[in-house]
Amino acid sequence: MAQNSAAPAAAPSTRDRIVAVSARLIQRQGYVGTGIKQIATEAEATLGSVYHFFPGGKEAVAVAALTYSAEEFADMLRELLGPAGADDPAAAIAHCADELAVALRESGWTDGCPVTAAALETLGSDSAIQRVCAEALRGWERIVEERLLGAGFDAGDAREVATTVISTLEGAEVTAQVARSEEPLRAAGRQLARLVASYGR
């Protein structure tokens with residue numbers, strides 16, 4: 001018999017649901033404000049299953065969730081910035097800021113960066129959360145750096161401008177949330193575009 005090639009997508013596993021729900025909760029209410037019981041309830045999982053997959057408890061869940069969120073944003077950055085060697089990285093960075101502004105407004109100013117939220121809440125600790133947040137930021141910087149290298153920037157400039165881009169976007173997103181306005185992100189995008197264009201590549 002011929003088989004139907006359009007097989008239904010597999011439902012997410014319990015572990016995947018826990019991670020995705022945790023990522024969303026940390027994004028909206030921070031690490032401190034997110035509890036294991038709430039994660040279990042919203043993931044439609046038992047407390048026992050949460051601890052089965054994450055014996056380290058809340059911190060272990062948060063590390064997995066932040067890793068997941070970091071990769072989601074990395075994928076978005078890659079898509080919005082376009083491939084290395086594509087024309088006009090300045091316009092691509094401004095477009096990225098505009099898309100972040102729209103997404104934030106459409107979320108009711110609640111869906112900011114979970115990495116920033118968790119990092120700020122755990123400052124001063126040498127925790128697994130701090131380490132995963134630091135790695136997320138470095139990973140995003142590397143994506144921007146690679147895009148700039150592909151546009152002809154030298155290595156030193158690409159590295160420093162990439163750090164500036166990510167730092168500026170992260171700060172502008174927090175400011176946009178507080179102000180409940182797209183303008184901080186849009187203004188950051190315009191100024192970052194000018195910075196990138198000033199290198200004359």
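Student: What is the mean pLDDT of the protein chain, and how many of its residues reach 70 or more?

Tutor: This is a predicted model. pLDDT is the predictor's confidence in each residue, from 0 to 100. Here the chain has a mean of 91. Of its residues, 93% reach 70 or more.

Student: Where does pLDDT stay under 50?

Tutor: Over residues 1-7. For that stretch the model has zero contacts beyond four places in sequence.

Student: Now helix packing. How are two packed helices described?

Tutor: By the angle between their axes and the distance between the axes. Take α4, residues 58-81, and α5, residues 89-106. They pack at about 130°, and their axes lie 9 Å apart.

Student: Why are α4 and α5 oblique to each other?

Tutor: The angle decides. Roughly perpendicular covers 65 to 115 degrees, and roughly antiparallel needs over 145. The α4 and α5 pair has an angle of about 130°, so α4 and α5 count as oblique. The crossing of α4 past α5 is right-handed.

Student: Which residues make the contact between α4 and α5?

Tutor: From α4, look at F73, M76, L77, L80 and L81. From α5, look at A92, I93, H95, C96, E99 and L100.

Student: At what angle do α7 and α8 pack, and how far apart are their axes?

Tutor: Helix α7 spans residues 128-150, and α8 spans residues 155-179. Their angle is about 130°, with 8 Å between the axes. The pair is therefore oblique. Its crossing is right-handed. On the α7 side, the contact residues include L137, W140, E141 and V144. On the α8 side, they include A155, A158, R159 and V161. I166 and E170 of α8 also take part.

Student: What is the relative accessible area of V174?

Tutor: V174 sits in α8. Its relative accessible area is 35%, so V174 is partly exposed.

Student: How far apart are V174 and W109 in sequence and in space?

Tutor: In sequence, 65 residues separate them. In space, their C-alpha atoms are 9.5 Å apart.

Student: On to cysteines. What is a disulfide?

Tutor: It is a covalent bond between the sulfur atoms of two cysteines. To count one here, the sulfurs must be within 2.5 Å. The structure holds zero disulfides.

Student: Are C113 and C133 buried or exposed?

Tutor: The cut-off for buried is under 20% relative accessible area. C113 has 13%, so it counts as buried. C133 has 2%, so C133 is buried too.

Student: Where is E44 found?

Tutor: In the loop between α2 (36-42) and α3 (47-53). E44 is exposed, with a relative accessible area of 67%.

Student: What is the phi of R180, and where does it lie?

Tutor: R180 has a positive phi of about 55°, and it is not a glycine. R180 lies in the loop between α8 and α9 (183-197). At 53% relative accessibility, R180 is exposed. The cut-off there is over 50%.

Technical notes: Residues numbered from 1 in each chain as written. Predicted model: local features only at pLDDT ≥ 70, side-chain atom pairs only at ≥ 80, totals over all residues. Heavy atoms only, no water. Buried < 20%, exposed > 50% of the residue type's maximum accessible area, 1.4 Å probe, protein only. Contact = heavy atoms within 4.5 Å. Axes fitted to C-alpha atoms, helices over the stretch in contact; angles between N-to-C directions. Helix = DSSP H or I, 4+ residues; strand = E, 2+ residues; numbered from the N terminus. Parallel < 35°, antiparallel > 145°, perpendicular 65-115°, else oblique. Left-handed = near helix turned anticlockwise from the far one by under 90°.
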